[in-house]
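Trainee: I've got a structure open and I'd like to talk it through with you. Can we start with the aromatic rings and then move on to the charges?

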Amino acid sequence: MYSDDNDDLVLPLIPIPKPNDNNYFMHILSGHKSGDTGGKPSGSGYGLKWYGFNVAKGSFVCPGEKRPFANKGASTAKEEETAYWGSHYGVNAFLHAGSSGGSASVSISSAMYKKRSAMHAPSRVISMGDNQRTETLHFNAMYFISYRHTSGDPRINLDSAGAARVPPIANTGNILYGDGHVDSHTWDYLYRVSLDPKHDIINNSGSATNSAQVRSVGAGFYSTHGVNRYSLLNP
């Protein structure tokens, strides 16, 4: 699909920068352009349906999530918790590049546009999944995954100091892996994922991190291999 048409590049969270290009992965997969309105895809996509940031129907709606979509704008933190910004699902920021502008001197994982060849163990690579972060379209730790299936995920304020609170222990989150298979996992399962010997996550501050919270989202791929977004934004 996307990789086959784009020189083996992994689908980005935000496309490789072009003038005035602020599309997201939902635009790419549905064929939308950033200025589209009315929920009608245009151009060439990959068969998924998306109706905009504030219309909760189509391929990016999770049947297990009750909250609707809303175009965030200048909403408050409390308002952000009541609705999602265009998708109930998010991408792994360390694999799907674009959430960081990058650095001239450090290969920050979330700023590196990668090829599929960066995945040395695709069946271990968390690509996309249920997202608990209502205000953004990615997760960069396993506690930002939503464990909404069974009884709902009651956690809120996930960008606050209470982010790492444990959801109901039997609840699961749905995960799409790099080899295309989908699985459902509990918080406990992902928390106990062993450290990949090739783990190389560099966070946005430029520091290496291999805590239990990031081991599962850093497994199976080289996160610092690829083209640095900083070099594209600052040619």
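Trainee: Which residues do ring pairs link into a cluster?

Mentor: Bear in mind that this is a predicted model. Ring pairs do the joining here, and the cluster they make consists of Tyr24, Trp50, Phe53 and Trp85.

Trainee: Take Tyr24 and Phe53, then: is that aromatic pair stacked, tilted or edge-to-face?

Mentor: A pair of aromatic rings is described by the distance of the centres and the angle of the planes. For Tyr24 and Phe53 the centres are 6.2 Å apart and the planes sit at 90°. Planes over 60 degrees apart get one particular label, so the Tyr24 and Phe53 pair is edge-to-face.

Trainee: How many residues apart in sequence are the parts that Tyr24 and Phe53 tie together?

Mentor: Tyr24 is in the loop between α1 and α2, while Phe53 is in the loop between α2 and α3. Both residues are buried. The pair therefore ties together parts separated in sequence by 29 residues.

Trainee: And Tyr2 with Tyr46: which kind of pair is that?

Mentor: This one is among 8 aromatic pairs in the count. Tyr2 is in helix α1 and Tyr46 is in the loop between α2 and α3, 44 residues apart. Their ring centres are 6.3 Å apart with the planes at 65°, so the pair is edge-to-face.

Trainee: Is Tyr2 buried or exposed?

Mentor: Look at its relative accessible area, which is 14%. The cut-off for one of your two words is under 20%, so Tyr2 counts as buried.

Trainee: On to the charges. Which residue lies over the face of Phe144?

Mentor: There are a couple of spots to look at. Lys57 lies over the face of Tyr51, 4.5 Å from the ring centre. Over the face of Phe144, at 4.0 Å from the ring centre, you'll find Arg133.

Trainee: Now salt bridges. Which residue forms one with Asp4?

Mentor: The count comes to 9 salt bridges. In this one, the closest N and O atoms are 2.8 Å apart. Asp4 belongs to helix α1, and its partner lies 112 residues away in the loop between β2 and β3. That partner is Arg116.

Trainee: Is Asp4 buried or exposed?

Mentor: Arg116 is partly exposed, at 34% relative accessible area. Asp4 comes out at 53%, and the cut-off that matters is over 50%, so Asp4 counts as exposed.

Trainee: How many residues apart in sequence are the parts tied together by Lys115 and Asp7?

Mentor: Their side chains meet in a salt bridge, 3.0 Å from N to O. Lys115 is partly exposed at 36%, and Asp7 is exposed at 57%. Lys115 lies in the loop between β2 and β3 and Asp7 in the loop between α1 and α2, so the parts they tie together are 108 residues apart.

Trainee: Last one: how many helices and strands does the protein chain have?

Mentor: Going along the sequence, you read α-α-α-β-β-β-β-β-β-α-α-β-α. The chain has 235 residues, and 48% of them count as buried. Its secondary structure comes to 6 helices and 7 strands.

Terms used: Residues numbered from 1 in each chain as written. Predicted model: local features only at pLDDT ≥ 70, side-chain atom pairs only at ≥ 80, totals over all residues. Heavy atoms only, no water. Phe/Tyr/Trp six-rings, centres within 6.5 Å; stacked < 30°, edge-to-face > 60°. Helix = DSSP H or I, 4+ residues; strand = E, 2+ residues; numbered from the N terminus. Buried < 20%, exposed > 50% of the residue type's maximum accessible area, 1.4 Å probe, protein only. Lys NZ or Arg CZ within 6 Å of the ring centre and 35° of its normal. Salt bridge = Lys/Arg side-chain N within 4 Å of Asp/Glu carboxyl O.
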